Amino acid sequence: MTHARVIRQTLDVDLPLPPGITALAGPPGAGKTLLLEVIAGFAPADAGRILIDDAIVFDAESRVNLPARRRRCAYIPARDSLFPHMTVRQNLMFAAAHWARLERHKRVGEMLERFELSDAVEKLPDHIPPARRLRAEIARALMTEPRALLIDDRGPDESLLRALPTAFNGAILLVTADLDLCYTAAAHLALLEDGRVVQRGAARDTIEHPESLEAARLLGIANLFPATISALDPGRNQSRLECDSFVLITPYLKGHLKGDRVCVAIRAEDVRVHSGELEAGVNFIPSSLPRATERPRAVRLEFAAGITAELPRESFERQKDNRSWQVEFPPAALRVF
Amino acid sequence: MPLNYGPLWLTLRVAGIATAGALLPGLWLAYLLATRARKPLFAILALLLATPVVILASLLLRPGFHWSAGAAAGALAALPLIALGLRTPLETLDRAYGNPARSLGISEFRIFCRVMLPLGWRPVLAASAIAFARVFAEWTIVASL
């Protein structure tokens, strides 16, 4: 088991790290790099306990604090750390110095092949592209047979992340801002804000079902509206929420009372857009469209009252001549915190 | 009139030997400062740097001293220049390459010899040149004591 319970001035984190990739996402200054440095042993913690593969490497209570070189926790920083005066092969050989000569050559060869670096072995790091440098760094880190792998924000590609769990079966903590990549390649996701874990769990589940306003904000949900519960009807499985400039109907909100202040969230891509002439249905809100911004695959529509919708280009092309607009918030897509 | 090169050679010899003698301990002290941030060590070196060579020399040397004793005094003067001058470049290198290397289980000595020295030779050269210049310039004062 790998587990980090870390407390220091700007950090209060309790994070289990199961085998496989755990992505760590959060805004700049949330403490992602600091957390990695504390786990690796480069920054001190005031309290807590860090276990790497069942071995205690830090325990404030019993004053255990192993130095970084004895934690067996390979750290790949946000900037290139391949030694620039050594070729890719020399970098790997340097990390594999504890193996006997023949074994070292064999392992380095295998690792270079596994990470598709065979054609770059005699090149200096400056002469290969950044994506391959990251591959070489990971290969070098794995030469030491670490118990955990910490990768700071380096923008790894999807194929590398898919290959990584087969090459290394320990815990991998990966800092990234790319939620699409988390969804595709990470097994777990932790959202960090102001040094605290806002939400953690299976990556897909966390991205699809934020549990708090902070998590929704970190996941980039564009529509967040403060609201007051004005009616609760368990019989009809309905709740009525009054936002600043419109009223929404959602499924019945268990555990809430009439008059509670809540926050309603809906993703921009879940908001439906209709012509103003269409007959209004549940959660149809007439609105004006002051701004539309073109994106590579979609068009972002910014309506009045802070409502944002995202439409595929073809769909926007069909509707762009609407004289008036109404947006629809499908009740099933609404999340209430 | 024939030129007297004797004092020049003597000064070059003293400055060269003093710099060479201060280089290795200075490098190791700089590495310690860069990697472990030892405040007392920094304070001692800063104090040594602030002390004029005349004072150092008058503490260490007696009238009619041998030039090698002067070189030893020069090494003491060069030491803080090398250690403090190299601290920042080595700190930068340590953050970039030292920490990842440490996480791979590599010993401090190997990191120092195989990573820091090959990557930091330019600052080492610059700090040595400044130390050499200081000893070279101030040897005259020491010699005149």
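**Exercise 1.** Which element gives the largest share of the lining of the second largest cavity?

*Solution.* Let's take this predicted model step by step.

- Begin with the search of the whole structure, which finds 2 cavities of 30 Å³ or more.
- Next, list its lining: A:Tyr75, A:Ile76, A:Ser81, A:Glu137, A:Arg140, A:Ala141, B:Pro100 and B:Leu104.
- Two or more lining residues come from each of β7 (73-76) and α4 (130-143) of chain A.
- The largest share, 3 residues, belongs to α4(A).

**Exercise 2.** Sort the lining of the second largest cavity by residue class.

*Solution.* Go through the residues listed above and place each in its class. The tally is 5 nonpolar, 1 polar and 2 charged residues.

**Exercise 3.** Which side chains of strand β13 (residues 238-243) of chain A are buried?

*Solution.* Then apply it here. A:Ser239, A:Leu241 and A:Cys243 point to one face and are buried.

**Exercise 4.** Work out how β13(A) is joined to β12(A) and β14(A).

*Solution.* 

- Take β12 (residues 223-233) of chain A: 6 bridges join this strand to β13(A), and the two run antiparallel. A:Cys243 is the bridge partner of A:Ala227.
- These two strands form a hairpin with 4 residues between them, and A:Asn237 in the turn has a positive phi of about 55 degrees.
- Turn to β14 (residues 247-250) of chain A, joined to β13(A) by 4 bridges, again antiparallel. Here A:Glu242 has A:Val247 as its bridge partner.
- β13(A) and β14(A) also form a hairpin, with 3 residues between them.

Key:
Residues are numbered from 1 along each chain as its sequence is written. Chains are lettered from A and ligands numbered from 1 in the order in which they are written. This is a predicted model: local features need pLDDT of at least 70, side-chain atom pairs count only at pLDDT 80 or more; totals for chains, interfaces and linings use all residues. Side-chain values use heavy atoms; hydrogens and water are left out. On a 1 Å grid over the protein atoms alone, a cavity is a set of points where a 1.4 Å probe fits but cannot get out, and a pocket is an open set with protein on both sides within 12 Å along at least five of seven lines; lining residues have an atom within 4 Å of a point. Grid points are joined across faces, edges and corners, and a volume is the space filled by probe spheres set on the points. Ala, Val, Leu, Ile, Met, Phe, Trp, Tyr, Cys and Pro count as nonpolar, Asp, Glu, Lys and Arg as charged, and the others, Gly among them, as polar. Buried means under 20% relative accessible area, exposed over 50%, partly exposed in between (1.4 Å probe, protein chains only). Two strands pair if DSSP finds at least two bridges between them.
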